[in-house]
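Please read it alongside the sequence and the structure shown here.

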Amino acid sequence: LSNVVEDITPQLGGNLDVNGNSIVSTSDGDITITPNGTGKVILGGDLTITAAIDETVFNLTGTALDASNGTIQTKTLTENTTLTDSLSEGEAITLMIDDGSAYTLTFPTITFVNNGGVAPTLATTGYTVFAIWKVGTTLYGALVGDGT
């Protein structure tokens, strides 16, 4: 893809528009693909990544677990909080929760695959980290690292 974009984009002033989807090649070698509307970028076949993946860490201010915000999310509780499930099948996030001042966190219907199948107790200092993913209509979760 990079060779195609690099070959075509100079002729188009650096931008390629395919059916309203923008492909931009920059002078530093980056390629940005922006889908039209709420579409997805779909790459067929195997994907080989030979460099680091640079993910933006999202500070979750609301309550919806939504992978479109990024796959690494943090939340500091400022009150008792009930999370909601906005993940689609095949989506996953890493969620880091800081319970602030010992607030209560309620998860949506979730199947915990470790910790005896129950939601872990949040750490009293620092973050409690969860891996959360959806298969079919079932939301799964796992406590990452030490905890109870």
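## Burial and surface

Of the 148 residues in the chain, 25% are buried, and this value, like the others in this report, comes from a predicted model. The accessible surface of the chain amounts to about 9400 Å², and carbon and sulfur atoms account for 50% of that area.

## Fold elements and contacts

The chain contains one helix and 13 strands, and along the sequence these elements follow the pattern α-β-β-β-β-β-β-β-β-β-β-β-β-β. Where contacts link residues at least 6 apart in sequence, 40% of them join residues at least 24 apart.

## Aromatic pairs

The chain has four aromatic pairs. In one of them, the ring centres of F107 and F130 lie 5.0 Å apart with their planes at 70°, and because planes over 60 degrees apart count as edge-to-face, the pair is edge-to-face. F107 sits in the loop between β10 (105-106) and β11 (111-112), whereas F130 belongs to strand β12 (residues 127-135), so the pair ties together parts that are 23 residues apart in sequence. Both F107 and F130 are buried.

W133 and Y140 form a stacked aromatic pair, with 5.9 Å from centre to centre and 15° between the planes. W133 is partly exposed, with a relative accessibility of 26%, and Y140 is likewise partly exposed, at a relative accessible area of 24%.

## Aromatic cluster

F107 and F130 also belong, together with F112, to one aromatic cluster.

Conventions:
Residues are numbered from 1 along each chain as its sequence is written. This is a predicted model: local features need pLDDT of at least 70, side-chain atom pairs count only at pLDDT 80 or more; totals for chains, interfaces and linings use all residues. Side-chain values use heavy atoms; hydrogens and water are left out. Helices (H or I, at least four residues) and strands (E, at least two) are DSSP runs, numbered from the N terminus. Buried means under 20% relative accessible area, exposed over 50%, partly exposed in between (1.4 Å probe, protein chains only). Contact means heavy atoms within 4.5 Å. Accessible areas come from the Shrake-Rupley method with a 1.4 Å probe; for residues, only the protein chains shown count as cover. Rings of Phe, Tyr and Trp (its six-membered ring) pair if their centres lie within 6.5 Å; planes under 30 degrees apart count as stacked, over 60 as edge-to-face and the rest as tilted.
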